[in-house]
Structure formats: structure tokens, C-alpha cells
Amino acid sequence: MSAFPFEIHATDGKARTGVLKTPRGDIRTPAFMPVGTAATVKALYPEQVRQAGADIILGNTYHLMLRPGAERVKRLGGLHEFMNWDGPILTDSGGFQVWSLAGLRKLTEEGVEFQSHIDGSKHQLTPERAIEIQADLLGADISMQLDECTNFPCTKDEARASMEMSLRWGARCKAAFGERDTQALFGIVQGAVYENLRKESAQRLVETGFDGYAVGGLAVGEGLETMCEVLDYTVPELPADRPHYLMGVGKPIDLVEAVARGIDMFDCVMPTRSGRHGQAWSDFGPVNLKRAEFAEDTSPLDASIDCPASRDYSKAYIHHLVRAGEYLAAMLLSWHNIAYYEQLMARMRATIAAGTFDQFVTDFRARWAEGEARRG
């Protein structure tokens, strides 16, 4: 039995809409989780994130354990109180960030030894320590198992070794986590782009037993078509009564295609990272507000979105802010992008419930292709 009840209210093909119930509030699915790397969704107040439609945010174990330190966050009341967010929080395990350190890490069966990118100090992240930081010190509502990410591309032997390590670490995370009524633990499917490895990973994780199941190791350069192929043969191996989470994804088209394949939860830094670089997201793809064509464009970013940043400021004004290097540019664009992503999830929930999701996907693909054609 899962710590958090997951109610599926409607399906349309493989797409599902429902609610993941947590003590800190319901998470409407499909759900997009804005990324609060260092206890903040960059350039936004927590109230703005909530007003944009987010039910849950993501925190980053690696960054928080280094600064300000997980023990300090615990002394200050836990992550929710520390960052003034009273809704659910999912924390990643830190595995992806440690994987990205390359020359600064040493991998063993016990865990990962690594040097801080901040001051060079040495740390060890084991499955047990990852659970202690996430569940006990930060107080995450949903913790992720520690896993080993694989490079792309990689050989099948490399992928298997990584998958096997992740499975062993997952079992240790489960043992360390134990049984909890107010917190949940998700396992992570690995196996790169190899169908039999993905299926085996999923089946063995299900045998271990988790409250939800994530698909990791994607959005690392494999491209949309390959990502969809991996989801096509991986998601059917996951329990239908548990949430399915695609980690680190992605562009709006990625979200739509993944929901069509049975994914319920997403996270990605793209909305706020794009906002800091002058880009607004839309059904047609990214809009670069630096371009001179917007210098006298008095239309809003998107009047259909109930968000001040989307509705109340002209493209000309935001173009000026971007070109002038003003902080407000990143604030407005990040706010719009989070609101757009949340509205996209709401539209998918509504069309799944109405039984019109297939048409939504067809129309969205056409708009996305039109945008790509415009950009050349």
C-alpha cells in the first residue's frame, strides 16, 4: 500500500488524469513541478509559483546539502518552513548532479565520494545518507532513491552495470526509508536506451516496492523520438496504480508526448532558465524577446493565461528590459513560463477528462511544427 493515495479520475488512451493525495495538499496530475534548486524557484516568490498553478515544487539534495547544509535546514524548521512553501516538496537524490561532476567524483558500491563545486570540500553520498538528508533533515514529502546516471551514448554493458548499481542502491534506500505514513519514496528506472534493461529495471523495482516510479536517464541528448520509444516500452511495466514521473523533462512538446504515453509528473529547469535568457515559452516553441521585431510590439506574451506577467506587460516593454539587462526581465519571463507550463498541464488534464486528448495532441503537434518552421 502506498503512503499517498493516487486516484485516477479519467483516462484517454494511455494518458491519465487524477490526484496524488499528500498531507500537505493534493497534487493534480499530470503535474509539472517547478524546480527550486537552492530552496527557491529562481526569480519568483513562492506565492507567485502557487498562483501560477503549481501544487508541488522540487528541491535539490546536492545543492542544499552543500549550502546552507541539510543539518542547518533541519535546525531552521525543515525545508518547507525555511523557504516559506507550505505545499508538497519532492527532492531529487543528488545523483544527477554528482554524475555531472565527472572529474570531481569517485563511484564505489558504498556510494559516491565527491568534491564540492563551491569550495572543494569532500563529501560522501550513500543511499542511506541520501534518505537521511531528504526525508529526515529537509523533510521532503517525496524522496527519490539514489541512482547512478549513465552517459549518453553508452554501451549495453555500461548501461547494465549502472542499472544494477541503481537497483542495489534502491533496495538500500527502501530499507533506510522504512515505513512512513506522511512521506513517500520513489524508485528510478534506468537502463539507457536498451529495451530489455529498462523492462528488467522496472520489474525489479516493482518487486522491491515503491510509492511511485520515475523514469531516469533521459533528457541527456537522446532526442524526442528516442525518448518516446523508451517510454513506449518502459511505462507499461510500471504499476498503473502508482504515479509515473519522468525526470528532468522538458520542452512543452516533450510533456505532451510523455503524457500521451502514461507519464503523470515532470520537473525541469527550462521555464526559469529560459526566462533568465530572454525566452518565453508558447505552444509554438520558444519566443526570443531579444529580437528587434519586438521593439514596438504592444501585444502581451499571452493574454489567455491568467498571470500578470503573461497578460499585463507588452512584448515591447519586456524586450526593452531584456536588452537593458534589467532584473525584472528575468522575473516576468520566468513567471510567465511557469504559468504557461502549469496552464499546459491544466489543459491536458481537462482534455483527458473530456475524452478529447487525442485531438489536443494532434493540434499541439501542428502548432509546434509551425513554430519550428518559422524559426527555420
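## Aromatic pairs

A search across the whole of this predicted model finds nine aromatic pairs. One of them joins F210 and Y213 in an edge-to-face arrangement, with 6.1 Å from centre to centre and 85 degrees between the planes. F210 counts as buried because its relative accessibility is 2%, under the 20% cut-off, and Y213 is likewise buried, with a relative accessible area of 2%.

Another pair, F357 with F360, is stacked, its centres 6.0 Å apart and its planes at 20 degrees. Both of these residues are buried, and both belong to helix α15 (residues 357–375), where they are three residues apart, or about one turn of the helix. F357 and F360 also take part in one aromatic cluster together with W281, F364 and W368.

## Charges over rings

R50 lies over the face of W85, at 4.7 Å from the ring centre, while the charged end of R180 sits over the ring of F177, 4.6 Å from the centre of that ring.

## The barrel

Eight strands form a closed barrel in the order β4-β5-β6-β10-β11-β12-β13-β14, with parallel pairing, and the twist from one strand to the next averages 30 degrees. Helix α6 (residues 127–138) lies across β6, β10 and β11, and runs at about 165 degrees to β10.

## Helix α13

In helix α13 (residues 315–324), the buried residues include K315, A316, I318, H319, L321 and V322, and their cover includes α12 (308–311) and α14 (327–354). Just after α13, G325 takes a positive phi of about 75 degrees.

Conventions:
Residues numbered from 1 in each chain as written. Predicted model: local features only at pLDDT ≥ 70, side-chain atom pairs only at ≥ 80, totals over all residues. Heavy atoms only, no water. Pairing = 2+ DSSP bridges. Helix = DSSP H or I, 4+ residues; strand = E, 2+ residues; numbered from the N terminus. Axes fitted to C-alpha atoms, helices over the stretch in contact; angles between N-to-C directions. Contact = heavy atoms within 4.5 Å. Buried < 20%, exposed > 50% of the residue type's maximum accessible area, 1.4 Å probe, protein only. Phe/Tyr/Trp six-rings, centres within 6.5 Å; stacked < 30°, edge-to-face > 60°. Lys NZ or Arg CZ within 6 Å of the ring centre and 35° of its normal.
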